[in-house]
Amino acid sequence: MKAALFEGLEKLVVKEMPLAECGPGDIIIKIYACGICGGDIRNYYNGLRHGIKSQVIGHEFSGVVHEVGSEVKGYEVGDRIAAAPDVSCGECYYCKRGWVNLCNDHKMIGTHWPGGFAEYIHIPALVISRGFIHHIPEGVSLEAACLSEPASSVIAGLERAQFGLGDSILILGDGPIGCLHIEAARALGAAKIIISGNLRRLESLEKFHPDFIIDASSEDVPSRVRELTKGLGVDLAICANPVVATQEQAVQSVRKRGRVVLFGGVPKTAPITQLNSNSIHYNELEVVGAFSYETRHHLKALEAIRTKALSPELYFTKTVSLDDINEGFKSARTGKALKILVKP
Ligand SMILES: [Zn+2]
Ligand SMILES: [Zn+2]
C-alpha cells in the first residue's frame, strides 16, 4: 500500500509499504480521508514524541472496514468508522478514575502505531479495546466524520470550563480549533462570542459568525474585550493557539471569578508563561489546563456533526492527494486553508 512516512524533520516521504497482517483480534480499515492537524505540523517540524524516529503519521481519519479478524466482535466489513488517536493503558491511577486522557502510558495512533496518511490502516486489538474506533452515525458523511477528532478536544475543554447557557467567551486563536470553539460555544448557549487572532483567515472566520472579531495585531485585546462587555470582562477565555503571550491577554480579559483555559500546547522549547498573579489572586480567577478528551467526547463530537451543531464543510477548504501531502503541510502551516484533508 501507499503511505506517507515521516522519516525525520521536514521529511515526509510517500512510498510503497507493507500493511501488517490482520490478526484474530485486529481490523483493517480502508482510509477515506485524514485531516492534517496542528499536532501533525508540530511533529513535522519538531519530531515525534518518545524519540520515535520514523512513522506513518496522521490521526484524524475516517474509512471503511476492509478486513476483520476471526475473534473481533462489533465490527464488520463495510462498517464506516471514525477514529481518534489516543490509546490508554486501562491500568494506571488515571485510567482507573476514567481520566484516560491523562493516562501515564498514553499512546497515539500515528506515533506509536502507523497512522492515517495511507491507503489502509491496521488497527490492533489493543487499540480497538483501549482507543476510539467508533462507528459513524447515519447521516454523517465519511468526510464530515474527519472533524470528530479535533471537535472532541474542544467539547472536552468547554466541559472542563463548565461553560453554559448565557455565558460569554473570548477565544484567542483563529485557526480551526478557534472556529470549532465558536460553533461549540454557540451550541451550548453562549451569550457573546468574541474571537481574537492575527486574522490570516478572516474570510473563513466570518463564515462562523462570531459576535465580535478582534485583530490582535493592531488592537489591545483585553481593553477591546472590556469595551465589548461594558467593562466587565468575559466569563471564560480560551487560549486556542500555541502562543504563550496570549495567555496573559486571557487573564486580563476575564471578569472576577472568571476562568482561563490553556487549551493549546506551546513549543516545548519555550513553555514558560508570565501571568499577573495579583489579577488571579484578587479577582479569584481560575486558570486550568485542558488536554485531549475521553470516550464520551468523541461520541458527542460525532453527534454534534450529525445534528449540524458543527459544520465540517466550512473547515475542509482544501483536499490534497497522498502524493501531494507535502504541499498540504505547507498550506496548513501558512494558514492558506483552514483545514486540509488528505485523500489516498
Ligand atoms: Zn488532531
Ligand atoms: Zn493508564
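Me: How many residues of domain 1 are in contact with how many of domain 2?
Reply: 13 residues of domain 1 touch 13 of domain 2. Contact means C-beta atoms, placed from the backbone, within 7 Å. α1 (38-46) and α12 (312-315) each give at least two residues to the domain 1 side. That side splits into 7 nonpolar, 5 polar and 1 charged. Here Ala, Val, Leu, Ile, Met, Phe, Trp, Tyr, Cys and Pro are nonpolar, Asp, Glu, Lys and Arg are charged, and the others, Gly among them, are polar.

Me: What kind of model is this, and how is it numbered?
Reply: It is a predicted model: local features need pLDDT of at least 70, side-chain atom pairs count only at pLDDT 80 or more, and totals for chains, interfaces and linings use all residues. Residues run from 1 along each chain as its sequence is written, while chains are lettered from A and ligands numbered from 1 in the order in which they are written.

Me: Where are the domain bounds?
Reply: Domain 1 is 2-150 + 293-343, and domain 2 is 162-289. The bounds come from an automatic or database domain assignment. The C-alpha centres of the two domains are 28 Å apart.

Me: OK, overall fold. How many helices and strands?
Reply: 13 helices and 18 strands. Both are DSSP runs numbered from the N terminus: helices are H or I, at least four residues, and strands are E, at least two. The radius of gyration is 20 Å, close to the 20 Å of the globule rule for 344 residues, so the chain is as compact as a globular protein of that length. The radius is taken over C-alpha atoms, and the rule is 2.2 Å times the number of residues to the power 0.38.

Me: What share of the chain is buried?
Reply: 47% of the 344 residues. Buried means 20 or more other C-beta atoms within 10 Å of a residue's own, exposed means 12 or fewer, and partly exposed is in between, with C-beta atoms placed from the backbone.

Me: How many residues are in the largest nonpolar core?
Reply: 98, and I169 and I238 have the most contacts inside it. Strand β3 (residues 27-35) gives the most, with 7 residues. A nonpolar core is a set of buried Ala, Val, Leu, Ile, Met, Phe, Trp, Tyr and Cys residues joined through C-beta atoms within 7 Å.

Me: What does I238 touch?
Reply: Leaving out residues up to four places away in sequence, G157, I169, I171, L172, H181, V261 and F263.

Me: Switching to α8. Which of its residues are buried?
Reply: V221, P222 and V225 are the buried residues of α8 (residues 221-228). They fall within an arc of 95° seen down the axis, so they line one face of the helix. The arc is that of the directions from the helix axis to the C-beta atoms. Their cover includes β11 (168-172) and α9 (245-251).

Me: And A332, buried or exposed?
Reply: Buried, with 24 other C-beta atoms within 10 Å. A332 lies in helix α13 (residues 325-334). A332 and I36 are 296 residues apart in sequence, yet 7.4 Å apart C-alpha to C-alpha.

How values were computed
Two residues are in contact if their C-beta atoms, placed from the backbone, lie within 7 Å.
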